[in-house]
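Here are my notebook entries from a look at this chain and its ligand. I began with the fold and then turned to the ligand site.

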Amino acid sequence: MIDCLKMNGNGNDFLVVDNLSLAMDASALARAARAVCRRRESVGADGLLALEPSERAAFRMRLFNRDGSEGEMCGNGARCAARFAFDRGIVGREMTFETRGGDVHAVVRGNRVALDLAPVSTGSAVLKAHASVEGCDFTYAFLVVGVPHAVIFERERRRSIAEYAVLGRALRSRQDLFPVGANVNFALLSSEDSGTLDVVTYERGVEDVTLSCGTGSAASAIAGRLLGVVGDEVRVVNPGGVNDVSLTWIETDVVQPRLEGGALMIAEVRLLPEAFEADCRRPA
Ligand SMILES: N[C@@H](CCC[C@H](N)C(=O)O)C(=O)O
């Protein structure tokens, strides 16, 4: 039996486990993510977050996506990990922790968390690349905010979430463009407020549109700033909530994104053996 906490950051939902004892290795965590993140058949989540010891920071956060792949970084998940660590008395309300996508500084205030993400190099960002999938032509930007992100600026919202899922999956699968895959963000500049972006993200590893993506919100804000459509303060509206992004330029081509948003504690969960089993209704 494994005890964990069901949490979500703007609807991007996770099972968070204390693995400070390293009781589970990477393959056990990947297997657990694949099993327990199944919707309906198990608990259901976009991913599993594990807190592990770090030699140089308060702890190390690891993210295992729903398909068991390990993502280097997760913005909404990092807020959940920070609140989990504070709530469990592992750290004080202000902390720095390690991820494979760089160190994160976090401050927890109630159910909101502000993160200073690792600096992002914009020198290697691609601003106007082209791709055609499913009969549609896209111009996209590409940059790495801990994990790889493509950002497509649209003029209008004329597609359903299901249609974004099809297009996101087709784009993300283009090995010639994205050898390690990519999260695909469809961004729309608000017609009412020039500092607001509406963003829908298809996530690698979840292999679907999620209700929010924190690094996708930051990537969209950075791409928008580089393209001159937004400034350094960007309100990113996702289907699951708002991520406030603030950009501080450390050098002309290095930016530090601050990401602020919610991190909700939903339930204490004790995973029972059948959470890991295949659906008993299916024939063997
Ligand atoms: N939802 C996350 C991003 C998670 C990583 C992604 N699925 C990947 O493996 O690339 C966020 O909030 O940043």
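**Ground rules.** This is a predicted model, so to speak with its own limits: local features need pLDDT of at least 70, side-chain atom pairs count only at pLDDT 80 or more, and totals for chains, interfaces and linings use all residues. Residues are numbered from 1 along each chain as its sequence is written, and side-chain values use heavy atoms, with hydrogens and water left out.

**Fold.** I found 4 helices and 19 strands in the chain, taken as DSSP runs (H or I of at least four residues for helices, E of at least two for strands) numbered from the N terminus. The radius of gyration is 18 Å, close to the 19 Å of the globule rule for 284 residues, so the chain is as compact as a globular protein of that length. That radius is over C-alpha atoms, and the rule is 2.2 Å times the number of residues to the power 0.38.

**Ligand shell.** I looked up which residues surround the ligand: there are 15, and the closest are N12, G75, R204, G214 and T215. Being near takes a heavy atom within 4 Å. β4 (60-65), α2 (75-87) and α4 (214-226) each supply at least two residues of this shell.

**Polar contacts.** I used pairs of N or O atoms within 3.5 Å. A polar side-chain atom of N65 lies 2.9 Å from a ligand oxygen. A polar backbone atom of N76 is also 2.9 Å from an oxygen atom of the ligand. For R204, a polar backbone atom is 2.7 Å from a ligand nitrogen.

Note on methods. A polar contact is a pair of N or O atoms within 3.5 Å; within protein, one must be able to donate a hydrogen and the other to accept it, and residues adjacent in sequence count only if both atoms are side-chain atoms.
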